[in-house]
Amino acid sequence: MSRHIDEPITVHVSQESVPTAFIWRRRLYRVVEILSWWREASEWWDGEPVRILIRVTAERRGVGIYELCKSDSSWFLHRVLD
Amino acid sequence: MSFVHLHVHSYYSFLDGAASPAQLVDKASHFGMPALALTDHNRLTGAIRFYDCAKKSGIKPIIGAEVNVEGGYHLTLLCSDMAGYSNLCRLLTAMHCNKRGGKPAAARDLLDRHNNGLIALSGCRLGEVPALLATGQQHGAALAAGFYREVFGDAFFIELTRYPAREGTSLCHLLYGLAREQGIPAVATNNIHYLAMRDYRTRELLNSIGHIVPVTQLPGPRTVEQYFKSPDEMARLFKGFPGAADTSLEIASRCNLDLELGRPRFPKFDLPAGETAPGLLRRMAYQGTERKYGSLTQKLTDRLEMELATIEKLGFCGYFLIVWDIVRWARERGIRCQARGSASNSLVVYALDISIADPVHYDLLFERFMHPLRNEPPDIDLDIDRRRRGEVRDYICKKYGEDNVSCVATINTYLARGAIRDAGKALQVPQPVIEEACKGIHWLSAAKLMEKADTLPELRDSTVYKRPELKEFFGLCAAIDGFPKHLSVHLGGLLIGEGRLSDLVPLEPSSGGDIISQYDKDDIERMGLVKMDLLALPTITVIEQAVRSIRENRGLEIDIDSIPRDDPAVFATLREGKTIGVFQLESPAQREMAGRLLPRTFDDIIVSLSLVRPGPLKSSMDKVYLARRHGQEPVTHLHPCLEGALGETLGVILYQEQVLRVAHDLSGLSYAEADGFRRAMTHDRTHEEMEKMRLSFINSAVRKDVKRGVAEEVFEQLAAFAAYGFCKAHAAAYAVLSYQTLWLKCHYPAEFFAAILSNQPMGYYPPRVLAAEARRCGIAVLPPDINKSSDLYTVEGGAIRVSLGQMKGISSEAVCSIISQRSRNRFTSLRDFVLRVEASQPMMENLVKVGALDDFGNRDEMLKEIPGLLQLKRRKAGVEMDLQSTEIAAACGLAMGINAKKSC
């Protein structure tokens, strides 16, 4: 199961541009592992840019799976996987 | 880390690729790749350009194609050598020529027959093996892999493409597993369709144009990953698949195709026993020259020897004999034909009766046509009587074999209008916006549209190009500017192979059913194949019909090629500007020029044809020439040594041949080098190249004691002229046709106008203007008459009778029916006409309306009678049919009875 979120987040990245942590709803989540990443074709005819999606495991009180999305220079939390 | 992309589409995948071969090669070069493949869909149209480009960049070109195989699957094929290339050409030809609707596809037995020299990769996700695996058919996939391995042996590879996605990349793992299980090597590819990731939009736009659906409704999965990835990216992507990336290098090392571009591959001309091509050509050239000039002077002999030596040295004797044979065959059958273009610069061509312009009399330069430094086959284009071009084509096919002859393709590419219309539909831009954007841009490229929108008067008033919401749209139109759209038939090009054409050139049927090459004329030339341009020229048909009509009406036999070229009446007509209908001299600009030039000789016609062109007119060269001609300005030359080259045009550079002479006389270049210089100046060149050329020209001139300032000024004039120069040989050849049509108009206007009206559409003016001009010349134009009119305009007692074929909506079958019925008995009434002629009611009504049946009564009354008469005709036909049926039935009954009796 997954929940569609699509909310803006702040992402901290390493020198190699790999996400290390993100802040969502004022709470910090530490990225434990990058599980996979991919790029998605957008509805470019409506002006949307290509989106980069990164599936990570991140921990706050417990560990969860999250999909971070980068579109242009903005980051979003795309989904939370239960 | 190194890698070679082996599955690459260019924009020659026709609406499924968004990069040119040159861009792909540049990218490979940028990444330091040792080789690159081009594998467009089912065609090799981009292969020669790609091959040339890659060779120039020091990259090994690998030619291949992604072919469709039966079942709708894809297969990537690469040529390892010439045998593989030939097999790919044959395979593609067979696929296209045997297709029955839909896409071309290779049957399994076809792959089996054409496997030699080909390397096969299992293909993209639409390949048979991956497609079966993706649907869980492991066994079927293994069987398919087994089949391909059986056909291609160790030249079959499992192709791995890996596009990370939400769903993962399980297919890649399944394919890799199958490859290991079956012992088939796996190779990494990226199925490239565009250069950079952002270009996926252009590819999707092209796809939606190709599928004729809005871009929002494109079928199939979408990806942004099919861009030209670097070796490092490919290595990272296939880290978990050991050997897959390296195998690309191994495959590349097995591909060593040498196309030997430029090597002449001319068909063999059937020579009489004991004869050689150079010997026969020499003999005929000498005989022809003697026949034309009366005797062989030293000047003629020297020129013949020089031309023959060049032709022989370049190995083109057979080509000249082939053209000679075609022209000879046509002329023997009364089919008028003649060379156009630079070929008329050759005395050999003139001596062989291929051209009608005397190169010695008009001082034409052979080197403008061919010379040892020009590494291209000569190009002799023939203008042929429009009605009979098919006969000449059939002769060539018969003589050289159907399998050895095809038409040449033209690649239709996007200009601004096409791009706006197609992209507009795909992106659902409102139709009024598309219409407004398409106004007044007939000739413009989409890439230059935005740049010109503010400056061109026809676009300045339109706001559509400035609307911010359309900026992206026009950007996409510019992105597909110049992209190939489809193949079509070249107007006159006919390709003759040295053997079976499909061994060297992939062929396919055009939409009209002609067999065409997948290569265009430039690629054909690079392949060293013979291309004949047989161009249908209606003016030749007009001359032929007029001469025939004069013979039939007046009993006069006219040899139009021998008419005197100094007829005062002809030049008086020309000076008065009464040239409507005359070949190349009828436009308002030409008629106005005649009034200013006041031509008195045939040479003046050549000048006129060359002056009334955009270049000379824009640069006011015409004004300088005319002022000098009429003594209002002194004739001056920048240097005395230019007098020889430019004396005939009063110091003005008018002809391309003069560029050669000026370069030769001023800077000491040979004529062959001078032609190279001329050609270099007419092509796109960089500032550096131009500067290099300038310095070389000036330094050579200075070495010949020409002042630097003069040399610089001459060079500037040559450089400016190069953009608009006209080939004098072409002008001379066309001046002959201009003169002949003008002569016919002067002396036999009825026959001339009847012929020109019969061949519409042609020329500058519509039929009504031509008819008015005929009347102005004192020729009555008679209305159509079903008992007198023919399928063409005819001359009747000095007047012109309008043809039946001219009627609106009338079919050629109806005209045939009228003429055929009339030849038995004249029509005596409307009833007689309706009952005997096979034509529709609207056709008959139109004939009545234009007065073709006026002899039989009042038009309105006849129009009322037609429906009733047609009903009567149908009834009569029904009765006849019944009678026929009864007769047939009776006959059958009788036969059955007989059979029955026999069987008893």
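User: What makes the seven strands of chain B an open sheet, and in what order do they run?

Analyst: In this predicted model, the strands of chain B follow the order E7-E8-E13-E10-E9-E12-E11, with mixed pairing. Strand E7 (337–340) and strand E11 (507–509) of chain B stand at the edges, and each has a single partner strand, so one side of each is left without a neighbour in the sheet. Direction ignored, neighbouring strands of this sheet are turned against each other by 50 degrees on average.

User: How do you know that strand E9 and strand E10 of chain B pair?

Analyst: Two strands count as paired if at least two bridges are found between them, and strand E9 (residues 405–413) and strand E10 (residues 484–496) of chain B share eight bridges, in the antiparallel sense; therefore they pair. Within this pairing, Ser406(B) has Leu495(B) in E10(B) as its bridge partner.

User: Why is Ala28(B) called buried?

Analyst: A residue is buried if 20 or more other C-beta atoms lie within 10 Å of its own, and Ala28(B) has 25 such neighbours, so Ala28(B) counts as buried. Ala28(B) belongs to helix H1 (residues 21–30) of chain B, and, leaving aside neighbours within four places in sequence, is in contact with Met33(B), Leu36(B) and Ile59(B).

User: What makes up the contact of chain B with chain A, by number and class of residues?

Analyst: The contact takes 13 residues from chain B and eight residues from chain A, and the side of chain B that touches chain A has seven nonpolar, two polar and four charged residues.

Terms used:
Residues are numbered from 1 along each chain as its sequence is written. Chains are lettered from A and ligands numbered from 1 in the order in which they are written. This is a predicted model: local features need pLDDT of at least 70, side-chain atom pairs count only at pLDDT 80 or more; totals for chains, interfaces and linings use all residues. Helices (H or I, at least four residues) and strands (E, at least two) are DSSP runs, numbered from the N terminus. A residue is buried if 20 or more other C-beta atoms lie within 10 Å of its own, exposed if 12 or fewer, and partly exposed in between; C-beta atoms are placed from the backbone. Two residues are in contact if their C-beta atoms, placed from the backbone, lie within 7 Å. Axes are lines fitted to C-alpha atoms, for helices over the stretch in contact, and angles run from 0 to 180 degrees between N-to-C directions. Ala, Val, Leu, Ile, Met, Phe, Trp, Tyr, Cys and Pro count as nonpolar, Asp, Glu, Lys and Arg as charged, and the others, Gly among them, as polar.
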